[in-house]
Amino acid sequence: MVYQAYSPAIADPAVAAQRFVPPFKLDRMTWIKPSFLWMMYRCGYARKEGQERVLAVRITRTGFDWAVSNAVESSIRGKPPVRVQWDPERGLDHEALPHRSIQIGLTREAVDMYVNEWTVGITDVTALAHEIHEKVRARDLDGARALLPVERPYGTSTAQNA
């Protein structure tokens, strides 16, 4: 599972079609995030303009593996199909944690595969983001943690999908 945040104009058609369709643009780089909490940090629990909807995108393990194996650090020049950067993982209050989270940037070649081959399903998890945020704001951190999606370190899943 990877996460992305979009405006309703992009999220609604994607959820309805269960794949990205216009106005999503295939020619733009798109960043996917396997960490739910890092996505919450990035989109402010789905409260930032243009990022009001959080989507959980189920992609094939083969696709995720391809992206990782074809990635280069974002600081390297050139036109690779995938760029990665490692940022501090985030906690419920957006605090930096002592370990890193990968952000995967897909360029045109990879975006086409992501949209047309790798995507298995798209779920709108905006309500979950808001519910977790409300518990964080109420300082019910145990309640917020209990709602977080289960995430496993890369390489530990035996399922067909990442």
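Aspartate 142 is exposed, with a relative accessible area of 61%. In this predicted model, aspartate 142 forms a salt bridge with arginine 145, and the closest N and O atoms are 3.1 Å apart. Arginine 145 is partly exposed, at 45% relative accessible area. Both residues belong to helix α6 (residues 141-147). They are three residues apart, about one turn of the helix.

Helix α5 (residues 126-137) holds another pair, glutamate 134 and arginine 137, also three residues apart and separated by about one helical turn. Their side chains meet in a salt bridge at 3.6 Å, N to O. Glutamate 134 is partly exposed, with a relative accessible area of 40%. Arginine 137 is exposed, at 57%.

Aspartate 124 and arginine 53 meet in a salt bridge at 2.4 Å, N to O. Aspartate 124 lies in strand β7 (residues 119-124) and arginine 53 in strand β3 (residues 53-59), so this pair ties together parts 71 residues apart in sequence. Arginine 53 is buried because its relative accessible area, 16%, is under 20%. Aspartate 124 is partly exposed, at 28%. A network of salt bridges links Asp12, Arg53 and Asp124.

| Salt bridge | Distance |
|---|---|
| Aspartate 124 and arginine 53 | 2.4 Å |
| Arginine 145 and aspartate 142 | 3.1 Å |
| Glutamate 134 and arginine 137 | 3.6 Å |

The count comes to eight salt bridges. Side chains of opposite charge can pair when their charged atoms come close.

Definitions and conventions:
Residues numbered from 1 in each chain as written. Predicted model: local features only at pLDDT ≥ 70, side-chain atom pairs only at ≥ 80, totals over all residues. Heavy atoms only, no water. Salt bridge = Lys/Arg side-chain N within 4 Å of Asp/Glu carboxyl O. Helix = DSSP H or I, 4+ residues; strand = E, 2+ residues; numbered from the N terminus. Buried < 20%, exposed > 50% of the residue type's maximum accessible area, 1.4 Å probe, protein only.
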